[in-house]
Amino acid sequence: MRLRLTVAYVGTRYQGWQLQAGSAALQTIQGQLEHALGLLAGQPVRVHGSGRTDAGVHAEGQVAHCDMPDDRLARLKDLRHSLNALLPDDIRVFAACPADPDFHARFSAHAKTYRYQFWQDKGFVPPRLVPYVWCSGPLDVERMRAALPFLQGRHDFACLANAGSRPGESTVRELYALTLAEDVVWQGCQPLLTLQVTGSGFLKQMVRNLAGLLAAIGRGRLEAAVIPRLLAQGERRLVPTATAPARGLTMVSVDYGEHRS
């Protein structure tokens with residue numbers, strides 16, 4: 001039977017989603033899931049994720065699929081409970097349910113949503129936020145918001161893709177929505193900034209590069225109006241901004257069109 005899994009994890013101590021060879025397999029999210037599922041299935045189980053999050057990136061709604069033997073599933077009273085009992089505390093399966101035989105976690109997806117968080121205050125970071133934010137320093141939020149319309153829509157985002165994207169993959173993506181919200185989480189500190197991006201898909205480290213670009217604009221190092229030119233040039237090396245740290249990024253959800261009219 002094909003299963004659809006919804007998975008949350010803190011990526012801090014893992015080398016990303018993608019399986020690695022040998023003993024390093026358990027240092028990845030995919031490796032941990034395959035190990036737990038294999039124990040339950042009594043045989044190797046391959047897990048396919050909706051996206052390959054980088055080392056240190058988190059997830060609240062990563063989606064994956066796998067195929068499990070029917071006879072083994074029939075013996076399990078609660079697959080989700082059984083999986084979570086075998087997984088480390090920083091990886092949790094929120095849902096495990098039957099899926100159509102042709103469901104594919106990556107290829108069936110209509111859209112994905114990511115969140116990137118900037119902590120602006122230089123004094124300290126609230127302890128509960130430490131693993132999940134980039135300590136970016138003060139940023140001009142209105143300058144950053146002025147840049148969002150230039151990024152929304154269908155574009156060639158090659159200039160925001162780092163090396164390592166899938167060979168032959170198109171670099172054209174559509175960003176459906178971008179928002180930048182401010183949240184006062186500690187009185188006397190600068191607001192927490194939360195960038196949320198929903199798109200048809202994302203290239204390797206695209207959201208982190210987008211966050212780095214917006215931070216440079218928020219620091220006054222670039223003007224929002226340069227974005228169309230950077231997109232047209234289509235080369236990462238011509239974008240004079242750094243890739244934002246992985247710890248600020250979280251995969252929020254994957255949309256498979258179930259709720260669309």
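How exposed is phenylalanine 124? At 35% relative accessibility, phenylalanine 124 counts as partly exposed, a class lying between buried (under 20% relative accessible area) and exposed (over 50%), with a 1.4 Å probe and protein chains only.

## Basis

This is a predicted model, in which local features need pLDDT of at least 70 and side-chain atom pairs count only at pLDDT 80 or more, while totals for chains, interfaces and linings use all residues. Residues are numbered from 1 along each chain as its sequence is written, and side-chain values use heavy atoms, with hydrogens and water left out.

## Aromatic pairs

The whole structure holds 6 aromatic pairs. Rings of Phe, Tyr and Trp (its six-membered ring) pair if their centres lie within 6.5 Å; planes under 30 degrees apart are stacked, over 60 edge-to-face, and the rest tilted. One of the pairs joins phenylalanine 124 and tryptophan 186 in an edge-to-face arrangement, 5.5 Å centre to centre with 85° between the planes. The partners are 62 residues apart and belong to distant parts of the chain: phenylalanine 124 is in the loop between strand S5 (111-119) and strand S6 (134-135), and tryptophan 186 is in the loop between strand S8 (172-183) and strand S9 (192-199). Helices (H or I, at least four residues) and strands (E, at least two) are DSSP runs, numbered from the N terminus.

Tryptophan 186 is also partly exposed, with a relative accessible area of 40%. Elsewhere, ring pairs join Tyr116, Phe118 and Trp134 into a cluster.

## Helix packing

Helix H4 (residues 141-151) packs on helix H5 (residues 206-218) at an angle of about 135°, the axes being 8 Å apart. Axes are lines fitted to C-alpha atoms, for helices over the stretch in contact, and angles run from 0 to 180 degrees between N-to-C directions. H4 and H5 are therefore oblique to each other; angles under 35 degrees count as roughly parallel, over 145 as roughly antiparallel, 65 to 115 as roughly perpendicular and the rest as oblique. From H4 the contact (heavy atoms within 4.5 Å) takes in Arg143, Met144, Ala147, Leu148 and Leu151, and from H5 Leu210, Leu214, Ala215, Ile217 and Gly218. These residues divide into 8 nonpolar, 1 polar and 1 charged.

The axes of H1 (residues 29-41) and helix H3 (residues 79-86) come within 9 Å and cross at roughly 120°. H1 is thus oblique to H3. Ala36, Leu37, Leu39 and Leu40 of H1 meet Leu79, Ser82, Leu83 and Leu86 of H3.

## Buried residues

Phenylalanine 157 sits in the loop between strand S7 (153-156) and S8 and is buried, with a relative accessible area of 0%. Not counting residues up to four places away in sequence, phenylalanine 157 touches Leu151, Thr171, Arg173, Leu175, Leu203, Met206 and Leu231. Serine 136, in the loop between S6 and H4, is buried at 7% relative accessible area. Leaving aside neighbours within four places in sequence, serine 136 is in contact with Phe118, Trp119, Gln120 and Arg219.

Glutamate 34 is in helix H1 and is buried, with a relative accessible area of 12%. With neighbours within four places in sequence left aside, glutamate 34 is in contact with Leu19, Val45, Arg46 and Val47.

## Backbone

Glutamine 205, in the loop between S9 and H5, has a positive phi of about 60° although it is not a glycine.

How values were computed. Nonpolar A, V, L, I, M, F, W, Y, C, P; charged D, E, K, R; others polar.
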